[in-house]
Each structure stands twice: as structure tokens, then as C-alpha cells.
Amino acid sequence: MFPKNAWYVACMADEIDEKPLGRKICNESVVLYRNAANQPVALENFCPHRGAPLSLGKVVDGNLVCGYHGLEMGCDGKTVAMPGQRVRGFPPIKSFPVIERYGFVWIWPGDGTPTPLHHLAWAESPDWAYGGGLYHIHCDYRLMVDNLMDLTHETYVHASSIGQKEIDEAPVSTKTNGDEVVTSRFMENVKAPPFWRMALRGNGLPDDQPVDRWQICRFTPPSHVMIEVGVALAGKGGYDAPAEHKASSIVVDFITPETETSIHYFWGMARNFKPQDKALTATIREGQGKIFAEDMEMLELQQRNLLAHPERKLLMLNIDAGGVQSRRIIDRLIAAESAVESPATVAA
Amino acid sequence: MFPKNAWYVACMADEIDEKPLGRKICNESVVLYRNAANQPVALENFCPHRGAPLSLGKVVDGNLVCGYHGLEMGCDGKTVAMPGQRVRGFPPIKSFPVIERYGFVWIWPGDGTPTPLHHLAWAESPDWAYGGGLYHIHCDYRLMVDNLMDLTHETYVHASSIGQKEIDEAPVSTKTNGDEVVTSRFMENVKAPPFWRMALRGNGLPDDQPVDRWQICRFTPPSHVMIEVGVALAGKGGYDAPAEHKASSIVVDFITPETETSIHYFWGMARNFKPQDKALTATIREGQGKIFAEDMEMLELQQRNLLAHPERKLLMLNIDAGGVQSRRIIDRLIAAESAVESPATVAA
Amino acid sequence: MFPKNAWYVACMADEIDEKPLGRKICNESVVLYRNAANQPVALENFCPHRGAPLSLGKVVDGNLVCGYHGLEMGCDGKTVAMPGQRVRGFPPIKSFPVIERYGFVWIWPGDGTPTPLHHLAWAESPDWAYGGGLYHIHCDYRLMVDNLMDLTHETYVHASSIGQKEIDEAPVSTKTNGDEVVTSRFMENVKAPPFWRMALRGNGLPDDQPVDRWQICRFTPPSHVMIEVGVALAGKGGYDAPAEHKASSIVVDFITPETETSIHYFWGMARNFKPQDKALTATIREGQGKIFAEDMEMLELQQRNLLAHPERKLLMLNIDAGGVQSRRIIDRLIAAESAVESPATVAA
């Protein structure tokens, strides 16, 4: 169960630069490619001729030519031409709204009217740099939302990089504002863990002094989590410290359901210090990739445990409030979609 | 769904020269081996003692000895002996009619009386040479019949070897004669694609001149497709040109269902030029193997698409007529088999 | 179907020396680890907080700390602590009775009151040495019981190591005493097969003389088979020959069901000659490991055959008496367990 009337990341922009890409998104088999104007297109990955996957075709003059028998598909899902055939009566395939922005191609898998894409200030500012990657994980997308909205797991899953005992000890505060959930934690005068010492050095700051550390997790539908994270040299103002005393960034998490129990997980980090330093971007990306890989086995085995015990009620502690409140918003959106669909179904 | 009262290729003759072979054919688990007279035998791959796979046994004095506890199985499915046991009351296992001919072992998986095996003139003539191979593909056998009865796919799937734009442009003609479907296409004064330039050179002909090209696909039940293909130097008579002006051959396709959605695909090429030239046979076989491997991903993903969308009606265009008419024959044979079986079932 | 109120081997003792071990046993997901007293503990592998697998956690001060969010689980399945939480109301998880003895950790998966663990004299005597290993096999545990209670298979499956024609020819005798089944076979004045020639040499005896050989298979519930095996120089008394004329040992088989169709197979050999000779232990272990690996393909394909043909009745010959009688005991135990459970179910 996932909202379908929402913008999800379908792929990183460069994944379709060379050739079409087949990807299952929210249970829909989709082919993504670029048209003649270099704009992204998303269609059902199903040739109306014989059901071949269009993703094995190639783009000719901006149209996707099926790699099996040459049916030429238009960007709107209507067949444009086929050698030796009149194609006017060919059944159309589904075309999905797509937008390319912020380095990603976004898709709207549902039938509802697309809303404007949310704004990501860091993604369009020269003061910020971004690096990230993509993991495929066999778990319900909501388990990843839970994961990201409760960072106490860093102490255990990521003990050698970003975890530290003080995360557990600092009180967590969770608030819901409309469709946004914010859960935050502030630690004062602590030792910076290895990842942050690396970031401090990367920003030209000493890495051996006490710091103030913060984590502000922000869930927005359908399943995006942006986390403001950082450290400032202790006593300089913490989160509000002037830029020269801190290293801070935004952990970027776009979670796109593939099926009920698998996800495409687009992870990354946006930072607003030394944005031109590509070597630093690569170093941070590599470190973050290793850290986020540590979650995969945990989430996949947790998923298997939950499938084996659907009757068990899990605990909802204060640290889980971020995930619990995010799921409430998700549930409300799913219910709203099914309420809209039901009358139509009845009418039909 | 496949006809079971029919001759299918079970294996290439040399696959059982060394030891027994276990293979699933039309959903039947079969063990194939050679008896004392070096003739092929096909039995259920199920030892009546404890259900062990007989294919893990070995042949001793022409009988298959179970590799688990030594039950000695006769070629008729009746137990011959077992150490320390009286075997007269042992239940027999199914024995399948088999024939070794044309370099293959043929099996009749059904319960009906076997008909004579069809004749393959090229396979018994010294004027012809044959080379081929075996691929395992996860698709309904009928998708492969469709593939072979509509060669417009060559332009797209095999663009770099045998495909050329003129295939799309040449009209296709399809005829049904009883249980045979023939679909043919003739192209005049075209450039030979790379595979055929290689064949022309192999036959001592120039490879840089315009040619007349032909493709005559012949479906016969249960799922065999023989394709006469060739090129003649342009203007020499095309398909009817004298042998010294052409390179021609028969693409040989024996499609044996393993399950409803997987096949053993025996492919090959028989040619009637330079039949003694083993190096040429090897070169052609290697080229064909690469070409036919290009179909595999397409067919497997097409199969997945169709399983995910059983409700979708596919198009049946003029180019699809060969496959459509072949399927009609298959359907008729399946219906006839089930009509024969039904009264028996009722009686039982 | 397997008895659950019984002691099964959960793991070899050293499998939990370094870190917790997750293993499915009789369909239960279990985590095994050592507490502060270095004693084994077995709990459900399911954190009551969010369903994470506890096996990814680590042991701190004898308690298992969940690797996701730090819940500290006690050895009795009750949560001890969690950072920032009151844990008194947390639901307990199941704790399984365990015993460490004879180099193994034994688990009692059922809800009934554990009985005393059976005694294994060889495992606690300095006159004996033991070496063994663990294989995971996709078959019903009863197929392995059958395998071990009918050693005629050695002639076929293990022809090059312990098999010999005389096994087939020697009469087998099977007796049931309460819950124990014993099936035995004696061969006189035979040639020792390769494995036993190695053992004779290992014991300082000539390997080229005729021997008397014996096999006494002993099944005890739930699914343990101990096999006394050995050879004595011919005419010295066979099984009863003085120690200096023979090489004998006990094949040790603890079969632990993982699921209905998969097992953890703990195999090994205990010998009472040259018990201090660790090189000999290693040589025997390596040889036995290779021999027992030969059974795996047979059992897995047999299992697939049986799943495909659930309606077929298998033969029950005299050589199968050991397995047949063992299965009767197993069936009786399963029936007894379900008789106990049923009234409770009705009451609920």
C-alpha cells in the first residue's frame, strides 16, 4: 500500500542519458527515456503489439522504437508508426507524468492530476554540493521511513561512523505540521564521531574538539525524508552557529516503492561548505554509501520477520513517534485515494 | 498447454553418450540413456523403490541401475532386479516412446499411439551439413513459435548480423495447408547483411554485390519451425537460382516445452554448400549461436509482461499471421487430445 | 511434521563463541548466544520493539543488545532495558530450553517440559575422539533418517569410499525396542573398502588383509542416528574382536529440521582408537565430509520427486525396515503431541 498520486524519484537523471531504462515503480512496469527535446518520458513498459518490454528498444528521433518488431511509440503512449502497418487503431499504453529537476527524474504513478513538485532549495543553489547513490532493498518503504525518522539506530547500526551513545541519551522531539513530520535531537558538548571528524577536516576545522551536534529529520509525503545534520565547535551556537564554526549538511532520502516489499532507495548528502570541492564530495559519498549499506541486511531481515509474524503488534515508543506520525499521514493519503477511486468503481 | 501426442526433440544424440540425462519435458520428469544395443530409452525419472531420480544412476549391461539402492530398471519401465529382493510386484514406471534419428533423440510424451516421425531430407543427405546447439529459455513455447514465424524481428533484435530494413518493407505472405503454416518473404536487389556476406565468402562467392534474399518459414506441429533462408547474386533467379550463384540454408528450430513457461530450444542450421567444410560449420554455428542468444532476454521479459497482464489482448497484424495460424493448429491439437481424454476420465 | 518436544542439536558449541547466531529450527526463528556465565541461550529471533532480528545484535554483559535501536534483552526473553525507555510493559519473547553438552548446543523447541538429555558415553570419554561438520540440505528430515537406516545405499552413492557389493548381499536385521530402532548387518571375510583401509592404517593395522565388517544403525527420537561401524582383521572376532585387531567408530548423525523440507545435518564420527591423533581426526573428518556430501544431490532431487508426486506410494522392502519403523515412532510422537495440544485449543 502506497500513495500513487504523488511525485516519486524514478531515476537519477543520468540513468537515461544513454538508453531506455526499465524499472518497476509502485508495481507499475515503466520504461524511462529521453525524447527529441532531451526531456524525460515515462511509459508503460509494454509494447501494444506483442507485449515486449519497450525498455529493450532504442530511441530514434525522439520516439521509442520497440526492439522486437519496430513499433514506434510516441511520448504520449500512442503508437506513431510501424513498418507496413496502419497504427491508428492500436491501443494506447499508459503515459506517466514526469519532471526532471534537482538531478532526478520524478514520476507521478497515479491517475490523479499532478500537483506542483515540492521545492528543494539546496538542489538549485551554487552554495550547495550534492552526491548520492541508489540501493535496491527488499523491504516495505515504510520500514525505511521508520529507520530514517528514528536515528537512535545510528548508535547501533552505524557505531563506527556516525553512531555515538549520546544520541540515545538526548531527548527527541517530534511535531507534525499538516503533512510534514519533524523529529529533532540536539546534543551538546560531545565528541564528534569519525564521519563528522572527516567532515570537519574537509571544512578546514579542527576535528579533536568538543562539538554541538544536531539531527532534524523531516518527513514529507509520499516517502521523502530530509535530515539536517551537523556539528559546530562547542559553544559557538550549535545549529545556529556561524558557518565558519560548523560542518553541516542535509541527508537526502527519496524512497520509491518498487513493490509492496521492495524499494529503490535514492540516498545522498547535500552540503553547504566547500561546494566546489569534488574530491570532498566523492569522499563523503563513499563514506555515506558504506554507512547506508549497513542498514540493508537489518531492514531485509526485519521485513522477513514481520512477514512471518503479521499478527504481532510492534511497540510505538517515543523514539518511534517520527515513523508513527509519518505512517499516519501515509495512511490518510492512501485512504483519500481509495475514497476517490471507489465511487468510480461503483459507477463502472 | 501443449500437445503431448507428438514427437519432440528430447536431446541431442551425444547428450546421452556418457551417462544418463535427467530432463523435464512437457512437465514430465524424464531420464534418457542408452541401452545395451546403444538405443535411446526414456523413462520416468522416478525410482519405484523410494522416488530417487534414476538420472543419478548408471547403466550396467544396458539396464539403468538406481544410484541410491541399486534397483535395476528395465527399458520398459519394469524393475528387472534388485539386490536381495523379489521384484515381480514392483509397480512399473512410465516408459516413453523414443526414436534416435537426424542426430537427435525424439520423445513422444503422450499416451496416444505414436505416428511415424516426419522426414528431414537434409539430415540424411551427404550434400548437407548441420551444426546447432541448445538454449534453455524461460518462456511459453508459443512465444518462440511467434518469434520464428515473424522474421521482421531480425531488423531489430539482430540488427548487426541478419537484420536489414528491407525485411520490414517486403510484403509477407502466409498460407496454411492442413497442419502446416508457411510464411514467406522475398527481397530483391538488396545488400547482404554481415551473416550472409560471411556465408557468401564461405561458398566462394563475392560478398559485395547486390543479392536477392528469401525467407520461407515453415511451421509443423507440435512446435517445429524450419526456415529456408538464403541469398543469390541479384538477377540470377533468387530462390530458384542455380547453386553456384547462391548461399542458402535451412534454419532448424525444434522447440520442446519444459513447463508452461520454459523451453528447451534446439536451434541449428543445415546448409547444402561446402558440406565437408567443418571449419565453416563451426563458424556458422558460432555466428548463429550469438544471434539466437539475442532473442532470449526479449522472450523472457515478454513472458513476464504477459504473465503480469493476462487480461491484455495483443495485436494480430499481417506480420503475425504465421504465429497466429500456427497457434490455431496447436489449439486444435490440444482440443483434440482433451476430447479423447475426457470420455476416459468420465468412465473412470 | 516433526516432534517439537524433543532435544535437537541447535548448533555446534563453537558456532556461538564469537557472536550471536540466527538459525531457523523446526520452523522457529531462533537466536543463539552465550550469556555472562558463558552458557548458551536461545530466544526468538524477533525484537519486541520493531521486529528486528536479534541475531544482528551483540552481547553486552551477558545480555543480547538489539543491533537496531539498543533494546537489551534478557536471557529469559524479557526486556531488561532500553535507552530512555521504561521497559516493564514490553511483551516478552519466547525463550527456549537449551543445554550445552557433548560439544553441541541442544534446543527444545516445543512447549512441553523438557526431559533429561540422553547420554552419549563416547562424547565424554578420553578414549574417544570426535570430528564432524554441518550440512544444510533441502529435504524432509525423514528422508535423511531413511538414508541412514538403510546402508545399502553405500554401495551406490559411496561406491569409491565405503561402498562394496557385499553390503547388498549381507542380510539385514531390524528390531524395535520401545523408541529405539536397531538395524544391523555383518559381513565376513571381505575386502576393506578405501575409507576403512585408511582407518586400518591410521590404527597401525595392515590394510591389505580380509576383514569382518559391521554396521549397526540405531535410531532414537526425534531424529538421531548413531551407527556403530568397523572392520576387524578376519577371524579375530568381528564386532567383538579385541581392540588391537580392529578399527571401529560411531557415525554420529543429528538431524535437525529447519522447515518441512530442509534440515541442518550435523554429521560426524567418534572413534576409540588413537583418540589423541589430531591429524587422523582431521583426515577422517575430511573423508567423511566428502562421503556425506555425495548424499546431498540424491536427497534433494528425491525430495523434489516426492513433492511432484505426493500420490505415489513408495515401496517398503526389508532393507527399508529401519526407516519404516523409525517413522512409526516419529508418527506416534507427533500424534501424542497433537493429542495434548488439541484440548487446549478447544478450551481456547
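# Chat about a predicted three-chain contact

Q: Which residues does H69(B) touch, leaving out those up to four places away in sequence?
A: H69(B) touches H49(B), R50(B), M82(B) and P83(B) in chain B. From chain C, H69(B) touches D150(C), T152(C), H153(C), Y156(C) and I319(C). Keep in mind that this is a predicted model.

Q: Where does H69(B) lie in chain B?
A: H69(B) sits in the loop between β6 (63-65) and β7 (72-73).

Q: Is H69(B) buried or exposed?
A: H69(B) is buried, because its relative accessibility is 5% and the cut-off for buried is under 20%.

Q: What does the side chain of H69(B) make a polar contact with?
A: The partner is the side chain of H49(B), at 3.5 Å.

Q: Now the whole contact. How many residues do chain B and chain C put in?
A: Chain B gives 23 residues and chain C gives 27 residues.

Q: How much area do chain B and chain C bury between them?
A: About 2100 Å². Carbon and sulfur atoms carry 58% of that area.

Q: Which residues of chain B lose the most area to chain C?
A: Those are F46(B), R50(B) and Y68(B). Together they make up 36% of what the chain B side buries. R50(B) has come up already, as a residue that H69(B) touches.

Q: How many salt bridges are there between chain B and chain C?
A: Two. R312(C) and E44(B) meet in a salt bridge through their side chains, at 2.4 Å from N to O.

Q: And how many residue pairs are in polar contact there?
A: Eleven residue pairs between chain B and chain C, counting pairs with both residues at pLDDT 80 or more. On the side of chain B that touches chain C, there are twelve nonpolar, nine polar and two charged residues.

Q: Switching to chain A and chain B. How many residues are in contact?
A: 23 residues of chain A are in contact with 27 residues of chain B. These two chains bury about 2100 Å² between them, with 58% on carbon and sulfur atoms.

Q: Which residues of chain A lose the most area to chain B?
A: F46(A), R50(A) and Y68(A) do, with 36% of what that side buries between them.

Q: What does R50(A) meet in a salt bridge?
A: R50(A) meets D146(B), side chain to side chain, at 3.2 Å from N to O. The count between chain A and chain B is two salt bridges.

Q: How are chain B and chain C related? What rotation superposes them?
A: A rotation of 120°, with 0.1 Å of shift along its axis, puts chain B on chain C with an RMSD of 0.1 Å. The two copies are therefore related as by a three-fold rotation axis.

Q: Which residue of chain B comes closest to the rotation axis?
A: H138(B), with its C-alpha at 14 Å.

Q: Last topic, the backbone. Where is the cis peptide bond in chain A?
A: The bond runs from P221(A) to P222(A), with omega near 0°. P222(A) is in the loop between β15 (211-220) and β16 (224-233). In chain B, a cis peptide bond joins P221(B) and P222(B).

Q: What about N27(C), what is its phi?
A: Phi of N27(C) is positive, about 70°, although this residue is not a glycine. N27(C) lies in the loop between β2 (21-25) and β3 (28-34) of chain C. N27(C) counts as partly exposed because its relative accessibility is 40%.

Methods:
Residues are numbered from 1 along each chain as its sequence is written. Chains are lettered from A and ligands numbered from 1 in the order in which they are written. Side-chain values use heavy atoms; hydrogens and water are left out. Contact means heavy atoms within 4.5 Å. Buried area is the accessible area (1.4 Å probe) that two parts lose on being put together, summed over both. A salt bridge is a side-chain nitrogen of Lys or Arg within 4 Å of a carboxyl oxygen of Asp or Glu. A polar contact is a pair of N or O atoms within 3.5 Å; within protein, one must be able to donate a hydrogen and the other to accept it, and residues adjacent in sequence count only if both atoms are side-chain atoms. Ala, Val, Leu, Ile, Met, Phe, Trp, Tyr, Cys and Pro count as nonpolar, Asp, Glu, Lys and Arg as charged, and the others, Gly among them, as polar. Helices (H or I, at least four residues) and strands (E, at least two) are DSSP runs, numbered from the N terminus. Buried means under 20% relative accessible area, exposed over 50%, partly exposed in between (1.4 Å probe, protein chains only). Copies are superposed by least squares on the C-alpha atoms of residues with pLDDT of at least 70 in both.
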